[in-house]
Amino acid sequence: MRNVIANSDNIVIVGEVDSCVLGFGIFVPRLEELCALYVHPDAGRRGIGKVMLQTLERRAVEQGNLCIRLNASLNAEAFYHSNGYNSLSRGKFRLSADFEMDCVKMEKHFGSRLTRG
């Protein structure tokens, strides 16, 4: 993850309020992949994730990406559906050599400009 953040081609955002980090997101343009969107559990269900996702989408489209793909955790599938993403298939996502999680492969396509939703 450190290498993804350090790569200047990637889009990295941090959600904060009063200098307190509430979440972060990372989009890799060359892969059209949202590889992280995380909101601290204490800050959940306040719309922070949605704002961060919309910010990443807008910046991705501004850089010419017309599709965003991701591996959603099972408990995040509804969140992404509510933000216009389509489920493609279920699978596993390897987090480390010793740990993998069940996931849903998802994607969202954009026209020539960012859609509102």
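Reader: Why does Glu 77 count as buried?

Author: In this predicted model, Glu 77 has a relative accessibility of 15%. Buried means under 20%, so Glu 77 counts as buried.

Reader: What makes the contact between Arg 90 and Glu 77 a salt bridge?

Author: The closest N and O atoms of Arg 90 and Glu 77 are 3.1 Å apart. A salt bridge requires a side-chain nitrogen of Lys or Arg within 4 Å of a carboxyl oxygen of Asp or Glu, so the contact qualifies. Arg 90 lies in strand β5 and Glu 77 in helix α3 (residues 77-82), so the pair ties together parts that are 13 residues apart in sequence.

Reader: Why is Arg 90 called exposed?

Author: The relative accessibility of Arg 90 is 56%. Exposed means over 50%, so Arg 90 is placed in that class.

Reader: How do you know that Arg 69 and Glu 107 form a salt bridge?

Author: Their side chains meet at 3.5 Å, N to O, and the limit is 4 Å. Arg 69 lies in strand β4 (residues 67-73) and Glu 107 in strand β6, so this pair ties together parts that are 38 residues apart in sequence. Glu 107 is buried, at 14% relative accessibility, whereas Arg 69 is partly exposed, at 33%. Salt bridges with shared partners join Glu 32, Arg 69 and Glu 107 into one network.

Reader: Why are β5 and β6 said to pair?

Author: Strands pair if DSSP finds at least two bridges between them. Strand β5 (residues 86-94) and strand β6 (residues 100-109) have 8 bridges, in the antiparallel sense, so they pair.

Reader: What makes the aromatic pair of Phe 24 and Tyr 38 tilted?

Author: The angle between the planes is 40°. Planes under 30 degrees apart count as stacked, over 60 as edge-to-face and the rest as tilted, so this pair is tilted. Its centre-to-centre distance of 5.8 Å lies within the 6.5 Å limit. Phe 24 lies in strand β2 (residues 20-28) and Tyr 38 in strand β3 (residues 33-39), so the pair ties together parts that are 14 residues apart in sequence.

Reader: Why is the pair of Tyr 80 and Tyr 85 called edge-to-face?

Author: The ring centres of Tyr 80 and Tyr 85 are 5.5 Å apart and their planes stand at 75°, so the pair is edge-to-face, the cut-off being over 60 degrees. Both Tyr 80 and Tyr 85 are buried. Together with Phe 79, Tyr 80 and Tyr 85 form one aromatic cluster.

Terms used. Residues numbered from 1 in each chain as written. Predicted model: local features only at pLDDT ≥ 70, side-chain atom pairs only at ≥ 80, totals over all residues. Heavy atoms only, no water. Helix = DSSP H or I, 4+ residues; strand = E, 2+ residues; numbered from the N terminus. Phe/Tyr/Trp six-rings, centres within 6.5 Å; stacked < 30°, edge-to-face > 60°. Buried < 20%, exposed > 50% of the residue type's maximum accessible area, 1.4 Å probe, protein only.
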